[in-house]
Amino acid sequence: MTFGSRFHAAVAARGPLCAGIDPHAALLHAWGLPDSVEGLESFALTATEALAAECAVVKPQSAFYERFGSRGVAVLERVIAVAREAGALVLLDVKRGDVGSTSEAYAEAYLDPASPIAADAITVSPFLGFGSLDPFVDAARKHDAGLFVLARTSNKEAPEVQAAHVDDGRTVTATMLDHLRHLNAGADPLGSFGAVVGATIGDTGEDFAFNGPILAPGYGAQGGTTAELPRIFGAALPNVLPSSSRELLRVGPSAPAMREAARRTNDELRTLLSRTAGQR
Ligand SMILES: O=c1ccn([C@@H]2O[C@H](COP(=O)(O)O)[C@@H](O)[C@H]2O)c(=O)[nH]1
């Protein structure tokens, strides 16, 4: 089953919220844990066990694990395994991208199920040129995995590069979305090649309908709200996966409290989706 099909089924069953598993030092402190690999492990596994049972997708941010070297990466491997056992899809936020021959090795590391750190999908950066992502595209097709390509990120510096215009007049964002439209053409119910588009970006005039999933980070702690989503995404809203890390994790360490927060947010998002579907 392709990633796009698994994604579509998981969101239909559990709701669109993606839970970020980002063990910031400040959160470890707030949970009464040491800023050490033991603290990381306790935080990450508690959050994953709580949220992966509730959410369609969990998104660990690799940087917070890499911070502790190989022992931190070993914790990330366990997070991936635990989340999958709980029935969640794992989207690993690693934002990889390099010259083709190196991207091949990254693709093997993160998308080949034989690798201990393989996920269902990863984030990739197209800023060495979209074609530099070919090894990731090939590996995703071979292993039924997914990709989320940076298209318009949530940070305030993003427009400098991503809203710039290329020779034919399109924005960089629109160019990336056109590549994704091509990769996802004919896929049903949804393609496996997604975009990363911040929940903070306001109205850009971009057309986000490209028959693929849209990761929308920046929801919650960075100021993105449910009410803003229709203005940003328009008709593509049903394919949007709003992603919240700090806002959800601050509710911990109580597992029932984190689960309840995720459930409430999923209910709010579902209500928005049925209201906007009624308007179309
Ligand atoms: O455009 C982007 C792409 C990725 N991120 C990542 O998402 C989370 C956001 O965390 P919050 O605590 O909910 O703000 C984090 O892992 C970022 O690296 C993003 O924020 N924006």
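Analyst: Let's start with a loop: Pro 253 sits between helix H11 (246–249) and helix H12 (255–279). The peptide bond joining Gly 252 and Pro 253 is cis, with omega about 10 degrees. Bear in mind that this is a predicted model.

User: What is the mean pLDDT of the protein chain, and what ipTM and pTM does the predictor give the complex?

Analyst: The chain has a mean pLDDT of 97, and 99% of its residues reach 70 or more. For the complex, the predictor gives an ipTM of 0.99 and a pTM of 0.97.

User: Which other proline is joined by a cis peptide bond, and where is it found?

Analyst: Asp 188 and Pro 189 are joined by a cis peptide bond, with omega about 10 degrees. Pro 189 is in the loop between H9 and S6.

User: Why are H3 and H5 called roughly parallel?

Analyst: Helix H3 (residues 37–51) and helix H5 (residues 69–85) pack at an angle of about 15 degrees, and their axes are 10 Å apart. Roughly parallel applies to angles under 35 degrees, so H3 and H5 get that label. The crossing of H3 past H5 is right-handed.

User: What makes up the contact of H3 with H5, by class?

Analyst: On the H3 side, the residues include Val 37, Leu 40 and Ala 44, while the H5 side includes Arg 71, Val 75 and Val 79. By class, the contact has eight nonpolar, two polar and four charged residues.

User: How do you know that H6 and H7 are roughly parallel to each other?

Analyst: The axes of H6 and H7 cross at roughly 30 degrees and come within 8 Å. The cut-off is under 35 degrees, so H6 and H7 count as roughly parallel. H6 passes H7 in a right-handed crossing. Among the residues that meet there are Ser 103, Ala 107 and Leu 111 in H6, and Pro 135, Phe 136 and His 143 in H7. The contact of H6 with H7 divides into six nonpolar, three polar and three charged residues.

User: Which residues of H7 are buried, and what do they pack against?

Analyst: Pro 135, Phe 136, Val 137, Ala 139 and Ala 140 are buried in helix H7 (residues 134–143). They pack against helix H1 (3–14), helix H6 (100–111), strand S4 (121–124), strand S5 (146–152) and helix H9 (172–184). After H7 comes Asp 144, with a positive phi near 55 degrees.

User: What makes Phe 208 count as buried?

Analyst: Phe 208 has 24 C-beta neighbours inside 10 Å. Buried takes 20 or more, so Phe 208 qualifies. Phe 208 is in the loop between strand S6 (193–197) and strand S7 (214–217). Leaving aside neighbours within four places in sequence, its contacts include Leu 177, Val 197 and Phe 233.

User: Why is Asn 211 partly exposed, and not buried?

Analyst: Asn 211 has 19 C-beta neighbours inside 10 Å. Buried needs 20 or more, and exposed means 12 or fewer, so Asn 211 counts as partly exposed. Asn 211 is also in the loop between S6 and S7, and has a positive phi of about 60 degrees although it is not a glycine.

User: And why is Ala 81 called partly exposed?

Analyst: Ala 81, in helix H5, has 13 other C-beta atoms within 10 Å. Exposed takes 12 or fewer, so Ala 81 is partly exposed.

Technical notes: Residues numbered from 1 in each chain as written. Predicted model: local features only at pLDDT ≥ 70, side-chain atom pairs only at ≥ 80, totals over all residues. Axes fitted to C-alpha atoms, helices over the stretch in contact; angles between N-to-C directions. Helix = DSSP H or I, 4+ residues; strand = E, 2+ residues; numbered from the N terminus. Parallel < 35°, antiparallel > 145°, perpendicular 65-115°, else oblique. Left-handed = near helix turned anticlockwise from the far one by under 90°. Contact = placed C-beta atoms within 7 Å. Nonpolar A, V, L, I, M, F, W, Y, C, P; charged D, E, K, R; others polar. pLDDT = per-residue confidence, 0-100.
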